[in-house]
Amino acid sequence: MAKSRTKAGATAAEPPSPAPEPAQPAASEPELFDAALVPNGWPTGGGEGFEAMHAMLKARNDQLGPAFGVKQVFSRNTVRGWLVSRDRDDTLLFPHGHPRQGEDRYTWSDPDERGVRLGKLTA
Amino acid sequence: MSRYFNYDQVKFTPAGGGGAVTLNGVTGVRYNSNGTTKEFRGDNDHFPTTRVADFQNPSFQVTLANLKQLIQTLTHGAKGIFEYRMLHANNGAGTDAITVATATGTAMVDAPSANSQHGQYGTGDVTIRTTSADGLTNPCTFTVAT
């Protein structure tokens, strides 16, 4: 069963802890996200078949990797488009058997002009 | 130009420990989404007027000559991680190689079979099937090397 990571490693069963002071990222540090939900076939890199697949994956490394703080991203298709993230085991929803089964694991931004939504793991 | 030639790092990592086993003597790996579509037609339609992609059931077909690994590691029902790397025709395992991998614990070995014939190398065939943790996410991920 895929793991069900939540923000900052918290689990639903853990008792609430005193709210820490929200971390204020330095102005020079870019905001990091946990995943992106992108339209099927985005971005197009030309070619057909496997060549198109390769171009698409390569462009996702370049365009989304920095948002996750990694060089290589994992892509897999879902019913809502492609879920792109830094972890091989990520899923769109909390997995079957999890107390929050069926709920979104991410809070998604509105889609940008490319149709890309950036997501952060829910607390 | 993105062209691919051969593959390496064909691995099965059994759930429950023991580490990844790199399969050798592999002569073929095939990824199949096993996607299906469903069409609608009615009234005076002579062609389908609606089609939806309704289901996917990703799997891998592996053919290998190492029958010892087939018997010892790829036992029917074994769960784990299956992965392999498609080598770029020009760069090999470097830039542009694509790794295909299942999420942890979502792969299951299904019906390994071994074939031995007089005067021929023995070959084994096995299907690796997958399950989705949430029902909406393909358990197979694709990553290209930078």
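Where in chain B is the place of B:N138? B:N138 is found in the loop between β10 (123-130) and β11 (140-144) of chain B, the helices (H or I, at least four residues) and strands (E, at least two) being DSSP runs numbered from the N terminus.

The views below show a predicted model, in which local features need pLDDT of at least 70 and side-chain atom pairs count only at pLDDT 80 or more, whereas totals for chains, interfaces and linings use all residues. Residues are numbered from 1 along each chain as its sequence is written, chains are lettered from A and ligands numbered from 1 in the order in which they are written, and side-chain values use heavy atoms, with hydrogens and water left out.

View 1. With a relative accessible area of 7%, B:N138 counts as buried (buried means under 20% relative accessible area, exposed over 50%, and partly exposed in between, with a 1.4 Å probe and protein chains only). The side chain of B:N138 makes a polar contact of 2.7 Å with the side chain of A:N77, and a polar contact of 3.3 Å joins the side chains of B:N138 and B:Y31. A polar contact is a pair of N or O atoms within 3.5 Å; within protein, one must be able to donate a hydrogen and the other to accept it, and residues adjacent in sequence count only if both atoms are side-chain atoms. Leaving aside neighbours within four places in sequence, B:N138 is in contact (heavy atoms within 4.5 Å) with A:R76, A:N77, B:Y31 and B:P58.

**View 2. The interface of chain A and chain B, to which each chain gives 29 residues.** About 2,500 Å² is buried between chain A and chain B, with carbon and sulfur atoms giving 58% of that area; buried area is the accessible area (1.4 Å probe) that two parts lose on being put together, summed over both. Between the two chains, 13 residue pairs are in polar contact, both residues being at pLDDT 80 or more. On the side of chain A that touches chain B, the elements that give two or more residues are α1 (49-68), β2 (74-78) and β3 (81-85) of chain A, and the largest share, 7 residues, comes from α1(A). The residues of this side of chain A divide into 14 nonpolar, 8 polar and 7 charged, where Ala, Val, Leu, Ile, Met, Phe, Trp, Tyr, Cys and Pro count as nonpolar, Asp, Glu, Lys and Arg as charged, and the others, Gly among them, as polar.

**View 3. B:D96 and its salt bridge with A:K58.** Across the interface of chain A and chain B, the rule finds 2 salt bridges, a salt bridge being a side-chain nitrogen of Lys or Arg within 4 Å of a carboxyl oxygen of Asp or Glu. In the one formed by A:K58 and B:D96, the closest N and O atoms are 3.0 Å apart. B:D96 lies in the loop between β7 (79-88) and β8 (98-102) of chain B and is buried, at a relative accessible area of 10%. Not counting residues up to four places away in sequence, B:D96 touches A:H54 and A:K58 of chain A, together with B:Y4, B:H88, B:N91, B:V144 and B:A145 of chain B.

**View 4. The salt bridge between A:R88 and B:E83.** The side chains of A:R88 and B:E83 meet at 3.9 Å, N to O; A:R88 lies in the loop between β3 and β4 of chain A and B:E83 in strand β7 of chain B, so the pair joins two chains. A:R88 is partly exposed, at 21% relative accessibility, whereas B:E83, at 17%, counts as buried.

**View 5. The salt bridge between B:K38 and B:D54.** The N to O distance in this pair is 3.9 Å, and the pair links distant parts of the chain, with B:K38 in strand β4 (residues 36-40) and B:D54 in strand β5 (residues 50-55) of chain B, 16 residues apart. B:K38 counts as exposed, at 53% relative accessibility, and B:D54 as partly exposed, at 37%.

**View 6. Confidence along chain A.** Chain A averages a pLDDT of 81, and 74% of the residues score at least 70, pLDDT being the predictor's confidence in each residue, from 0 to 100. Over residues 7-14 of chain A, pLDDT stays under 50, and the model has 6 contacts beyond four places in sequence for these residues.
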